[in-house]
Amino acid sequence: MRISRRTFAAAAAAVVLLPLSACGGGDDGGSDDASGKVQGDITFQTWNLKANFKDYFDGVVAEFEKKYPGTHVKWIDQPAEGYADKISADAAGGTLPDVVNVSPDLVAPLAKAGLALDLDKAAGQYKKEYLDGAWASHQVPGLGGTYAFPWYLNTGPMFYNKSLFQKAGLDPAEPPKTYDELFADALQMADRSGGKVATLANVPTIEDFGRYGVELMNKEGTGFAFNDAKGVELLTKYKQLYDAKALDPQALTATPESSGKKFLTEAVAMNPGSALDLENFKKNAPNLYKNIGITDQITSTGHANMYVMGVMVNAQTKKKPAAIAFAHFVTDAAHQMSFAKKVAIFPSTAGSLDDPYFTQEDGTDVTRVRIAAAKSLKTAVNYTPVLFSEQMKTALRNEVARALQGKESPKDALDNAVKQCDTLLRQQG
């Protein structure tokens with residue numbers, strides 16, 4: 001898939017729904033581990049990466065085949081459009097590749113269908129090579145186990161407009177670091193600007209509830225829990241912001257693009273972003289650019305949010321040792337580091353974020369943002385539950401909108417959202 005912070009935020013637009021009877025191409029009769037000779041032909045599928053990274057992956061494949069004589073890797077790349085549908089069709093038809101590029105929400109139904117290999121059992125010796133939060137990102141509540149090697153990560157800091165902070169009587173050198181500070185600063189910003197400048201441009205999403213410290217699901221993975229007292233507290237505070245115009249009035253229909261434009265035109269004081277956005281500011285909004293501040297994501301848990309991609313092994317592959325070895329090879333520290341230097345993503349391997357590439361300033365804005373993001377990723381987690389589908393995201397967004405508009409209380413809105421999401425969860429099977 002295309003690698004950008006925005007793409008990670010919207011990764012995998014549909015959750016694959018699979019019958020539990022779906023099966024792959026048959027087992028090799030061996031145990032579910034990496035033992036046995038690494039040999040034979042396997043197929044590796046990526047997600048919209050060939051156009052920009054053909055040489056890189058051709059090199060990785062050649063290197064693997066040289067390390068393991070007698071192996072052959074067929075690399076196939078699928079377009080971003082319809083990727084989830086393609087995986088679903090392959091799973092149902094028994095044609096799922098041996099090694100597959102997935103996101104957490106794509107791996108969940110495959111794991112439920114018995115098609116994703118449990119790496120805790122099959123390749124647990126590799127767990128220590130990865131960041132704890134990254135390894136945990138492909139775990140499925142209620143199943144136990146881990147169902148994909150973590151691959152590349154992404155996150156971003158919060159940008160803020162120092163000039164707007166100063167005009168509102170706020171210290172531009174001291175951006176908010178807690179939710180209480182954020183909400184207080186936002187109300188002051190709206191008050192001082194007569195409602196013309198909002199601090200935020202987006203309604204709270206599931207990851208925002210996670211960052212606030214809300215328990216999103218029960219431990220069994222059988223139901224959602226974001227309608228607890230803490231969840232209601234967060235939505236109530238957003239309602240106060242909305243009423244005061246501290247939350248942009250168009251937030252109910254905002255997209256990442258429209259929110260970014262609001263920040264670009266200095267109608268909004270804070271917005272999440274990446275190094276790519278910083279370059280855009282420099283080119284298209286020089287006045288904003290000279291007043292840009294960079295701060296950490298605000299979180300009550302001490303852990304930033306991250307977006308993560310993974311590499312799954314088909315549990316039904318006939319070449320299990322080779323498939324496991326290749327999935328690990330693609331995601332080991334050396335190859336993740338090499339890939340990260342070609343594009344603005346981050347490795348999920350332990351220790352890699354301590355590399356000078358992610359720690360040493362060189363005076364450029366790109367490096368400045370990269371260092372800030374890398375620091376937060378060391379302890380970041382993927383807050384979006386792997387079972388939280390696009391339909392569920394829509395249900396939550398609609399109920400949040402009703403609460404902000406005063407059509408329902410925050411409590412009723414979240415109760416209704418949880419009820420709808422639980423119904424959709426049961427339909428997943």
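Residues are numbered from 1 along each chain as its sequence is written. In this predicted model, local features need pLDDT of at least 70, side-chain atom pairs count only at pLDDT 80 or more, and totals for chains, interfaces and linings use all residues, while side-chain values use heavy atoms, without hydrogens and water.

User: In what order do the five strands of the open sheet lie?
Analyst: Strands are DSSP runs (E, at least two residues; helices are H or I, at least four), numbered from the N terminus. Two strands pair if DSSP finds at least two bridges between them. The pairing here is mixed. The order is β2-β1-β3-β8-β4.

User: Which residue in β2 is the bridge partner of Thr43?
Analyst: Strand β1 covers residues 40-47. β1 and β2 pair in the parallel sense over eight bridges. In β2, the partner of Thr43 is Lys74.

User: What angle does helix α14 make with β1?
Analyst: Helix α14 (residues 320-330) packs on the sheet, touching β1, β2, β3, β4 and β8. Contact means heavy atoms within 4.5 Å. Axes are lines fitted to C-alpha atoms, for helices over the stretch in contact, and angles run from 0 to 180 degrees between N-to-C directions. The angle with β1 is about 40°.

User: Which helix gives the largest share of the lining of the largest cavity?
Analyst: On a 1 Å grid over the protein atoms alone, a cavity is a set of points where a 1.4 Å probe fits but cannot get out; lining residues have an atom within 4 Å of a point. Among those lining the largest cavity are Ala372, Ala373 and Ser376. The largest share, three residues, comes from helix α16 (residues 365-377).

Notes: On a 1 Å grid over the protein atoms alone, a cavity is a set of points where a 1.4 Å probe fits but cannot get out, and a pocket is an open set with protein on both sides within 12 Å along at least five of seven lines; lining residues have an atom within 4 Å of a point.
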